Amino acid sequence: MGSLITDIDKLSEYARFLILSIPDGKLEKMSPFAIEKGLTGIGGSPKSVKKLRSGDLLLETNSAVQTKSFLLAKTLLNNPVTVTLHRTLHSCRGVISDNKLTKSTEEEILEGLSSQGVTAVKRIFMKKGTTLVATKHVILTFNNTKLPSTVKAGYIYCKTRLYIPNPIRCFKCQRFGHSKTACRGRQTCCKCASVDHPTSDCQSTELLCANCKQPHSADSKDCPQWKKEKKIQEVRTKQNLSYYEAKKLLFPDQNSMSYSNALKSSTSQPSQTDERLTKVIVPPLMKLKPVKPNVLRVKNVSTAKPSTESPLTNSAAQSKIKKHSQNARQAKASAHWELVKESKAAKKARLLAERRGHVLQSLSRSRSLTREDFLKNPKSKLDEHVDSDLVLSVHPSDDDMSTSDMEDSSPASANS
């Protein structure tokens, strides 16, 4: 493995991300206001300060002078401090491949490419059986976030391509994202996924992945979890992000549990009373289906609420209301007309009965009544007197005599 450039002046020209740490976890106990004053006293206020999960501080400087001031710092608030470069944020890595480089060592390649911004060199080895064989592929670390298209190795030009590292898998718990030195989990077998069971002592013939629970080992590249971690590494490398920033960018809802997701997960599991305790069989609860609200129709026009529909719908409703009111008025007028007709018929019958009574009385005074007087013969004198009197009383005119005059003259006409 190649060595890193240690010249502070050269590092300050490109390095902008620094890791500041204090031993024994004393940084956690300090006040943030005191830390800010201490950083300002060393090299001025940095561009940004972030706290890492390890408890250390990630500093982003504004200039090369400020970077050099922090790299030369030895104490912070009377506590010994260590300032180092961030491994990935201020650099990028590329791969070159050429058969002519197989004869050169890593130190020789680093010395020849250091003038082009290369700070570290690592050759890729391939395992054949139990031995490692050197390949023509070499990983170069540049002191810039922008990868150059080519590098000149001696007299040959080599094309560079972006290096995407494989996911980091812990050899202890078999999880991705951390190494064995930082693991807090339990020992897990890589082959059968058994807990507290090392891989070297595994005698199982059935494979089981500890990450996806599928029939393959945890180090298989066909594992869906491995492919997912590979995408995270690709985004982290191309956009120059940290692992957790790239993971949050690709899968924003993986670690966050919203109220709706928690409710769905709780309602999806059936809850049933234990039959051994109650001896009662209780069916699992079923989630009700959402009911679509039906369209309410207005039954009474006078009590209808104002709607927020379109103008065309409002005009149609107004025309319907107007037509309904017209029908109501017509029905009321027809009922009134029927009442008027019935009253005229009743009046005619009443007048007819009265006139017949008067005629019979007048006839009984002059002579004795006969059977023909009571018969409904249109030619009889009784019907003639009744018809004439009835016409005058129902349709009187201004020139004709009044009803009282007609009553006085009716006996005379009957005598004549």
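The model is a predicted one. The chain has 416 residues, and 28% of them count as buried. It holds twelve helices and twelve strands.

**Whole chain**
- The accessible surface is about 30,000 Å².
- Carbon and sulfur atoms account for 55% of that surface.
- Take the contacts between residues at least 6 apart in sequence: 52% of them join residues at least 24 apart.

**A four-stranded sheet**
- Strands of a sheet pair through backbone hydrogen bonds, and the pairing can be parallel or antiparallel.
- Here, four strands form an open sheet in the order β8-β9-β7-β12. The pairing is antiparallel.
- β8 (118-128) and β12 (161-162) are the edge strands, so each pairs on one side only.
- Helix α4 (residues 106-113) packs on this sheet and touches β8 and β9. The direction of α4 makes about 150° with that of β8.
- Inside the sheet, β7 (residues 92-97) and β9 (residues 131-142) run antiparallel and are joined by six bridges.
- R93 has T141 in β9 as its bridge partner.

**Annotated spans**
- An unreviewed UniProt entry lists "domain: CCHC-type" for residues 169-185, 188-204 and 208-225.
- Residues 169-185 are 0% helix and 0% strand. The end C-alpha atoms of this span lie 13 Å apart.
- Residues 188-204 are also 0% helix and 0% strand. Their end C-alpha atoms are 14 Å apart.

Terms used
Residues numbered from 1 in each chain as written. Predicted model: local features only at pLDDT ≥ 70, side-chain atom pairs only at ≥ 80, totals over all residues. Heavy atoms only, no water. UniProt positions renumbered as here; feature names shortened; annotations may be inferred. Helix = DSSP H or I, 4+ residues; strand = E, 2+ residues; numbered from the N terminus. Buried < 20%, exposed > 50% of the residue type's maximum accessible area, 1.4 Å probe, protein only. Contact = heavy atoms within 4.5 Å. Areas by Shrake-Rupley, 256 points an atom, 1.4 Å probe, with all protein chains shown as cover. Pairing = 2+ DSSP bridges. Axes fitted to C-alpha atoms, helices over the stretch in contact; angles between N-to-C directions.
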